[in-house]
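Welcome, and thank you for taking a look at this one with me. Below are some numbered notes to read beside the structure.

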Amino acid sequence: MSENKPVVLLAEELSPATVEALGPDFEIRQTNGADRSQLLAAIADVDAILVRSATKVDAEAIAAAKNLKVIARAGVGLDNVDIKSATQAGVMVVNAPTSNIISAAELTVGHIVSLARRIPAANGALKNGEWKRSKYAGVELYEKTAGIIGLGRIGALVAARLQGFGMKIAAYDPYVTAARAQQLGVQLMDLDELLASSDFITIHMPKTPETLGMLGADAFSKMKETAYVVNVARGGLIDEAALYTALKDGEIAGAGVDVFVSEPSTDLPFFDFENVVVTPHLGASTEEAQEKAGISVAKSVRLALAGELVPDAVNVAGGIIDENVRPGIPLIEKLGRIFTALTEDSLVSLDIEVAGEIASLDVKALELAALKGIFTDVVSEQVSYVNAPVLAEQRGVAARLITTSDSPEYRNVLNLRGATSDGRVLAVSGTLTGPKQIEKLVGIDGYEIEIPIAEHLVVLRYEDRPGVVGALGAVLGERGVNIVGMQVAPSAESAEALAILTVDDALPEGTLEQVRTTVGATFAREVNLDD
């Protein structure tokens, strides 16, 4: 072996194009990653490992790989990679988040066409010797309404393809501006309106606590009896039990499902219905998607081992980032997620301001991290430091990085200031304090605060008057919520005060609304950063 060549381990079968994309600068080894003993032996001295879905790169494997710098997943999902352990070990994790978007969009259209023309059922009947033309009469897509829930990259591709059938396209996505929708030729609607008016409904949302079971009994009750539902995005976005009931009772006309709560799934109750088309998670299962994924991560490995900022890194590990800037990356990403949680409408513009001593350094990574935080909880795709600006551009968000040495209150402070489509301007600020570099919130909308950032925050604005803090504590106490920290900041310009609370866990259902009512809050938001 040449001592000058980094070692790259291919733990699963990858296309020749993947090896070609790596180039001649690496020693290429191969192993069977699904065989645990082989994997642990082979990974010991490698610099990078390329996997698909069969190889589990967990804490044990990462600990065994003393020289490991990059874990590359030739695909979208990262369920088989322990990202937390990798980050703690300083190992970069990369994937190929855009490799399957065309394949997923095309599969969505395939499900829609199959449902409309009853192709799978007719095929099965004919192969069983049954010639039943009238039984399998279908419907045209022409001039029907397709309702797309989630207008990210895949949703936009689906919209473009369905327009080719002459369909009317409606969409629900609270983070897409009217200008972006107009550019795509799509009519934005609220969710209830979309459910009631669409003939075919396809969902392309991230899987979060808020979107889990998003299409459930209530949603099905609002749909037309002639409507069809499709999910090729994430298992669990459709409530499977509610789907069975809706199909059994004739609330909807049929469904196409590629992803499931538990996989593999081979015998769910709704599989028995002839008006249901199911596929075994085929969204990325095309030769082109697999090849794109391999080439993409091969290029990322080259960049990572060269010490450069990596296009599709999913954790903070790559690129040449000044040691004084690096601690601000997780802080500003959290500020971005807090900013998003506090907004009520789609974002139009965002200023990312870096103030203080580090402003003279290369702080581009902070802009990328801020955008990553802004979009992490609102899109279905994996957000990386390179695709975050693309997501901003796609959604018509004008992002601007501003640097200034002027920071009278703190050594360094990071500010996010954005305008939403309803005309509101929101500002969130944070800093790092003390030898331990504690992440703190130091400002929201002009209110001066200083409170450590925790996984669970509650933000309230209300009329400043005696007794509010006591009433607030009583409500949360009744609900079994432990307040870890709290700060109240009065306004110099109005009679309102802002309260920030850190709590042990996410609030029980209904608690935030009870708090809002009890204290007469004009603004109440819960922020959860624990995933």
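1. Let's start with an open sheet of 7 strands, whose order is E8-E7-E6-E9-E10-E11-E12 and whose pairing is parallel. Strand E8 (187-188) and strand E12 (276-278) are at the edges with a single partner strand each, so one side of each has no neighbour in the sheet. As for the names, helices (H or I, at least four residues) and strands (E, at least two) are DSSP runs numbered from the N terminus; two strands pair if DSSP finds at least two bridges between them.

2. A word on the source: this is a predicted model, in which local features need pLDDT of at least 70 and side-chain atom pairs count only at pLDDT 80 or more, while totals for chains, interfaces and linings use all residues. Residues are numbered from 1 along each chain as its sequence is written, and side-chain values use heavy atoms, with hydrogens and water left out.

3. Within the parallel sheet, strand E9 (residues 200-203) pairs with strand E10 (residues 228-231) over 4 bridges, in the parallel sense. Phe200 has Tyr228 as its bridge partner in E10. Helix H7 (residues 153-163) packs on this sheet and touches strand E6 (145-149), strand E7 (168-172) and E9, with its direction at about 175° to that of E6. Contact here means heavy atoms within 4.5 Å; axes are lines fitted to C-alpha atoms, for helices over the stretch in contact, and angles run from 0 to 180 degrees between N-to-C directions.

4. Do have a look at Glu143, in the loop between helix H6 (119-127) and E6. Its phi is near 65°, a positive value in a residue other than glycine. Neighbours within four places in sequence aside, Glu143 is in contact with Gly166, Met167 and Lys168.

5. Arg118, in the loop between H5 and H6, also has a positive phi, about 55°, although it is not a glycine. Arg118 is partly exposed, at a relative accessible area of 22%. The scale is this: buried means under 20% relative accessible area, exposed over 50%, and partly exposed in between (1.4 Å probe, protein chains only).

6. Is His111 buried or exposed? His111, in helix H5 (residues 101-117), is buried, with a relative accessible area of 2%. Not counting residues up to four places away in sequence, His111 touches Val230, Val232, Gly256, Val257, Asp258, Val277, Val278 and Thr279.

7. Pro264 sits in the loop between strand E11 (254-257) and E12.

8. Another open sheet has 6 strands in the order E14-E13-E15-E16-E17-E18, with mixed pairing. Strand E14 (398-404) and strand E18 (447-452) are its edges; each has a single partner strand, so one side of each is left without a neighbour in the sheet. On average, neighbouring strands of this sheet are turned by 20° against each other, direction ignored.

9. Strand E17 (residues 438-444) pairs with E18 in the antiparallel sense over 4 bridges, and Leu441 stands opposite Ile451 in E18. H13 packs on the sheet, touching strand E13 (347-356), strand E15 (412-420), strand E16 (425-433) and E17; its direction makes about 150° with that of E16. H14 packs there too, touching E13, E14 and E15, and its direction makes about 140° with that of E13.

10. How do these two helices meet? The axes of helix H13 (residues 328-342) and helix H14 (residues 364-376) come within 7 Å and cross at roughly 35°. Among the residues making the contact are Ile332 and Phe339 of H13 and Leu366 and Ile374 of H14.

11. Which residues have the most contacts inside the largest nonpolar core? They are Phe375 and Leu441, in a core of 47 residues. A second, separate core has 31 residues, including Leu194, Leu195, Ile201 and Ala255. A nonpolar core is a set of buried Ala, Val, Leu, Ile, Met, Phe, Trp, Tyr and Cys residues joined through side-chain atoms within 4.5 Å.

12. Last, strand E21 (residues 496-503) has 7 of its 8 residues buried. E21 pairs in the antiparallel sense with strand E19 (residues 456-463) over 7 bridges. Strand E20 (residues 483-490) is also antiparallel to E21, joined by 7 bridges, and a hairpin links E20 to E21 through 5 residues.
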